[in-house]
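Look at the structure first, then read the points below.

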Amino acid sequence: DSRDLDGDRFAWAHRALCRHGLRLRVDADAASGEPVSVVLRHRPRMAVEAPMLVVDVQPGARCVLLELHEHDTPAGALVQNLDVHVLLGRGARLEHLRVVTPGADDRVAHRLHATLGEGAHYAQALVAGGSRYHLQRGELQLAGVGATARSSGALFAAGSAMEQQVHTRHAAARTTSAVEALVLASGKARGVANAFTRIE
């Protein structure tokens, strides 16, 4: 399918380079009823890397996840191809704040794929800065009845490149989604925000 060519190229590149990964499982806390709060800080290990992150939120669980990507080392330009998989069980809720601040010469491509079960809720807020090449691609699949998803992005590109793509697929009844993007660019910056929605 020609619509997924970019995603397919990304997937093949990731499979060839993936060496490190993390799987995070969040269970429901029946005792407190409070959401589980998690902070993940990712710092590059190599000049060229393709890490993987899997976030598995179990049925009925609630989680607030802060995911920080910083390149503040003087080691040179980074090439990063990150793959993130978010799995939400029945009635699970995830508030996902992603902060991505690459170096000016970095080439960064992040692909996030979220699958939502029945009554699950996923909300992502992305704050990202530009670089020589920077792509943020989100693929949201609302697979369960009554699932809801929201994606919000604040993109900053000062004389650099920044692109966000959000692909949403409504695969079940009574699902809802929303996409918002704010792009602030200056100089010779290139900023792109695309949203695609498919209703089965």
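Strand S6 is largely enclosed by the rest of the structure, because 7 of its 10 residues are buried (under 20% relative accessible area; exposed is over 50% and partly exposed is in between, with a 1.4 Å probe and protein chains only). Strands here are DSSP runs of E with at least two residues, numbered from the N terminus. The model is predicted, so local features need pLDDT of at least 70 and side-chain atom pairs count only at pLDDT 80 or more, while totals for chains, interfaces and linings use all residues. Residues are numbered from 1 along each chain as its sequence is written, and side-chain values use heavy atoms, leaving out hydrogens and water.

**Partners of S6**
- Strands pair if DSSP finds at least two bridges between them.
- S6 and S8 run parallel and are joined by 10 bridges; leucine 82 has histidine 110 in S8 as its bridge partner.
- S4 also runs parallel to S6, with 6 bridges, and valine 55 stands opposite valine 86 in S6.

**Nonpolar cores**
- A nonpolar core is a set of buried Ala, Val, Leu, Ile, Met, Phe, Trp, Tyr and Cys residues joined through side-chain atoms within 4.5 Å.
- The largest such core has 26 residues, and Val86 and Tyr122 are among those with the most contacts inside it.
- S6 gives the largest share of this core, 4 residues.

**Isoleucine 199**
- Isoleucine 199 belongs to strand S14 (residues 190–199) and counts as exposed, at 68% relative accessibility.
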